[in-house]
Each structure stands twice: as structure tokens, then as C-alpha cells.
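Please keep the sequence and the coordinates at hand while reading.

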Amino acid sequence: MSARRLAAVLAAAALACGVSEAPAVASSGSATIGGPLLASHGVVVRPDAGAPPLPPPSALPASSWLVANLTTGDVLAAKAPHEKFLPASTLKTLTAVTLLPRLDPNRQVMVTQHDAGVDGSKVGLVPGMRYTVRKLFQCMLVVSANDAADALAQANGGTAQTLRDMNATARYLQADDTVAKTPSGLDGNGESSSAYDLALIARAGLQLPAFRKYIGTVRSTVPAPHHKHFQIFTHNYLLTSYRGAIGVKNGYTVAAQGTYIGAATRGGQTILVTLMHANPDFWPMARALLNWGFQATGKVTPVGTLVGPRQPPTHHAPAAQPAVQLVGHHSGFGLSPVTFATTGVAFVAVGAVVTRRRQVRRRRRLRYRLPPR
């Protein structure tokens with residue numbers, strides 16, 4: 001059976017078994033990813049009877065924000081969710097989602113002078129010292145260490161390769177507003193993301209156990225010369241002050257202003273908030289939107305959805321795809337056990353047909369080669 005015919009048979013088998021693709025949302029070339037209401041440049045919300053009011057604009061000093069229920073995949077409210085801004089250190093979530101499945105956490109990485117001399121926030125890695133990949137991820141996500149982000153990029157084959165991988169991961173996640181120019185989130189020419197994209201990236205990260213562990217770390221230690229250590233503490237203020245908080249990441253540069261991704265779980269529901277180009281003191285705003293998200297769940301009509309990933313790209317496929325594809329039981333992608341089993345039977349049947357035909361051809365070739373009697 002030819003490859004083309006085999007593909008056709010497999011596609012027909014999948015359709016017969018009821019396999020559905022990712023949520024029906026067009027790519028950025030034809031429609032707004034997540035739903036048409038998310039094309040708005042203002043505030044969009046659809047309250048039902050008894051819904052709590054959004055915090056007043058004076059309490060939300062940000063150019064863009066989004067509130068989503070990660071348990072259902074629903075976007076509950078947003079402001080300019082697809083407008084592009086500099087992401088600052090929230091881009092480190094994309095670095096983590098891209099590199100966590102690629103790098104051995106026990107691998108030792110030697111830090112270079114270039115890594116240690118990067119601009120912006122640093123943990124103080126010492127050139128010539130070796131650190132585990134695990135410790136570098138911890139430094140990058142707990143204290144937003146740019147030197148750790150650069151060291152991880154070098155461990156992945158260099159900055160250029162890492163940026164290619166990060167941008168391929170963004171495309172795979174349908175985070176089409178996102179362009180990575182640095183692994184740390186330092187302002188780069190043409191770098192961008194959006195409140196919607198940060199939600200997609202954070203959701204993918206939260207499917208990785210290591211990511212959840214790092215973003216939930218409050219304090220740890222980092223090796224120093226002469227067999228000493230120093231302590232580090234989380235930069236995420238809400239992690240230690242908001243009930244149910246699970247992380248995720250904050251950022252700031254002068255050009256980007258405040259950027260933030262925050263998530264919390266209460267009563268079996270996980271609410272995610274993203275902020276971009278916000279007042280640098282964005283903690284009260286993040287807290288207010290998280291509170292509203294928990295109160296509004298079930299009392300507002302969703303204004304959009306957090307879409308599932310695209311079909312895996314042919315080249316530079318992110319290693320995190322299996323984890324990402326199994327997100328959320330209401331997000332509209334992934335297979336039910338019945339569908340999975342039925343599809344497996346179809347694949348086995350097709351495989352049996354192909355194997356049988358190959359055996360027949362082989363026997364014919366052997367018969368043709370026998371000497372005359």
C-alpha cells in the first residue's frame with residue numbers, strides 16, 4: 001500500500017471513530033484566535049444575571065489584560081487581548097515551556113562570562129562554575145535571572161537555536177502574537193506577545209510538573225564559590241499573599257512596563273490572569289482580577305476560549321507537544337478513552353493489511369528466484 005493510500009485509510013478510520021481536531025478556531029490569517037470578540041481593543045465582558053461587576057477602570061491601570069478559567073478553557077473577560085506589547089520577563093515562561101522537555105535536569109552547565117554579564121536582573125552566577133540545569137531553571141523562574149536564561153539557551157545549542165525553538169513552540173501553541181528575540185525577555189527589536197498569548201503559554205507550562213514546581217518555589221539556595229550557598233526568594237508577591245496562588249511569572253522593563261501572569265486554584269477552579277503594559281505596581285490589579293474571576297465563574301458568558309495547539313510542525317517540533325495536547329477536560333482537544341481505543345483498533349487493522357501485503361510480495365520474490373527443477 002502506498003504512503004498516500006495509507007494516509008487516506010488512516011484519515012478515514014479516524015473520522016469513522018469520531019476523532020476531532022483542536023478547537024475550531026482559524027489561524028491568525030483569517031480570524032481572531034480564540035473567538036471574534038477577542039479582536040476588541042477595549043474591554044469585552046458578557047455578564048449574566050447576578051454577575052459581579054468588573055473592577056472599575058481606575059483599578060485596572062493596564063493597556064491589556066485577560067481573565068480565563070483554566071479548568072474550562074473559557075476566557076471570562078479581557079481588554080485588548082491580542083494587542084502586541086513587549087513581554088519583559090514573562091517571556092521566560094516560553095523559554096521554560098520550550099526547554100524543560102529538551103534538557104536533562106541533572107546536566108551540569110558551565111556558565112560563561114557572556115552569560116554572567118547579561119543586562120537586567122541576575123542571580124549572580126559565577127563564570128567558570130557549573131550549575132545543574134535544574135538549578136538554572138529554578139533561578140530563571142523564581143528570581144527572574146537573565147544570566148540563568150542565557151546559560152540555559154547555551155545548553156540548548158546557543159541563543160539562535162533556542163530562539164528558533166521558542167518561536168516554533170509559540171506557533172505550535174497558536175500564540176501568533178508572540179515573537180521571541182531574547183531568551184530572557186529583555187527588550188529586543190521586534191519582540192512581542194499579548195495577554196492572550198501569555199495565557200496560552202502559561203497553560204502549556206502548567207501541564208509540566210517541573211514548571212509547576214519551579215513557579216511555586218518560595219525560597220531556595222544557589223551554589224557559590226568555596227562550597228558556599230546563598231538564598232533566593234520568589235519575586236512573585238502574590239505567591240505568598242494570595243490564597244490558592246500557584247505562580248506564575250512577573251516582569252518589568254522601562255519600555256514594557258509591568259507584565260504579569262498569575263494563577264490560583266480555589267474550589268476546584270483555576271483562574272489565570274495576564275497583564276501587559278501595566279502600572280509597575282500591578283499587584284492590586286492582579287489580585288482584583290483574580291477575585292473577580294472566581295466570583296464570575298458560572299455567572300458570565302465566555303467571550304472566547306483558550307485554543308488548543310496546532311498540528312505538530314514538520315520541522316523543529318517542540319518536545320513539549322504531548323504534554324500540551326492533553327490540557328484540560330473542557331478545552332475541546334485530546335481523545336476520550338473510548339475514542340482512543342477505537343482509533344487504536346483502526347490503526348492495528350490498517351497495520352495488519354500493510355503487513356499482509358508485504359508478506360505476499362516477499363513470497364512472490366522468493367518464488368521467482370528458485371532455480372528450475
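## Overall make-up

The model is predicted. The protein has 373 residues, of which 49% count as buried, and it contains 11 helices and 11 strands. Its accessible surface comes to about 17,300 Å², with 57% of that belonging to carbon and sulfur atoms.

Among the contacts with a separation of 6 or more, 67% are between residues 24 or more positions apart.

## Nonpolar cores

The largest nonpolar core holds 68 residues, and Phe137, Tyr196 and Phe211 touch the most other members. Helix 7 (residues 195-205) gives the most to this core, with eight residues. A second, separate core has 25 residues, including Leu76, Ile271, Trp283 and Leu290.

Leaving aside neighbours within four places in sequence, Phe211 is in contact with Thr93, Ala96, Leu100, Leu141, Ala202, Gly205, Leu206 and Val248.

## Strands 8 and 9

Val248, one of the contacts of Phe211, has Gly262 in strand 9 as its bridge partner. Strand 8 (residues 245-253) and strand 9 (residues 257-266) pair in the antiparallel sense over eight bridges. A hairpin of three residues joins strand 8 to strand 9. Strand 8 is mostly covered, with seven of its nine residues buried.

## Salt bridges

The whole structure has three salt bridges. In general, side chains of opposite charge can pair when their charged atoms come close. Arg102 and Asp165 meet at 3.7 Å, N to O. This pair links distant parts of the chain, 63 residues apart: Arg102 is in the loop between helix 2 (92-99) and strand 4 (108-110), and Asp165 is in helix 6 (residues 159-172). Asp165 is buried, with a relative accessible area of 3%, whereas Arg102 counts as partly exposed at 28%.

Arg171, Asp176 and Arg310 are linked in a network of salt bridges. The closest N and O atoms of Asp176 and Arg171 are 3.4 Å apart, while the bridge between Asp176 and Arg310 has an N to O distance of 2.4 Å. Asp176 lies in the loop between helix 6 and helix 7, and Arg310 lies in the loop between strand 11 (304-305) and helix 10 (321-325), so this pair ties together parts that are 134 residues apart in sequence. Asp176 has a relative accessible area of 15% and therefore counts as buried, the cut-off being under 20%. Its two partners are partly exposed: Arg171 at 29% relative accessibility and Arg310 at 25%.

Key
Residues are numbered from 1 along each chain as its sequence is written. This is a predicted model: local features need pLDDT of at least 70, side-chain atom pairs count only at pLDDT 80 or more; totals for chains, interfaces and linings use all residues. Side-chain values use heavy atoms; hydrogens and water are left out. Helices (H or I, at least four residues) and strands (E, at least two) are DSSP runs, numbered from the N terminus. Buried means under 20% relative accessible area, exposed over 50%, partly exposed in between (1.4 Å probe, protein chains only). Contact means heavy atoms within 4.5 Å. Accessible areas come from the Shrake-Rupley method with a 1.4 Å probe; for residues, only the protein chains shown count as cover. A nonpolar core is a set of buried Ala, Val, Leu, Ile, Met, Phe, Trp, Tyr and Cys residues joined through side-chain atoms within 4.5 Å. Two strands pair if DSSP finds at least two bridges between them. A salt bridge is a side-chain nitrogen of Lys or Arg within 4 Å of a carboxyl oxygen of Asp or Glu.
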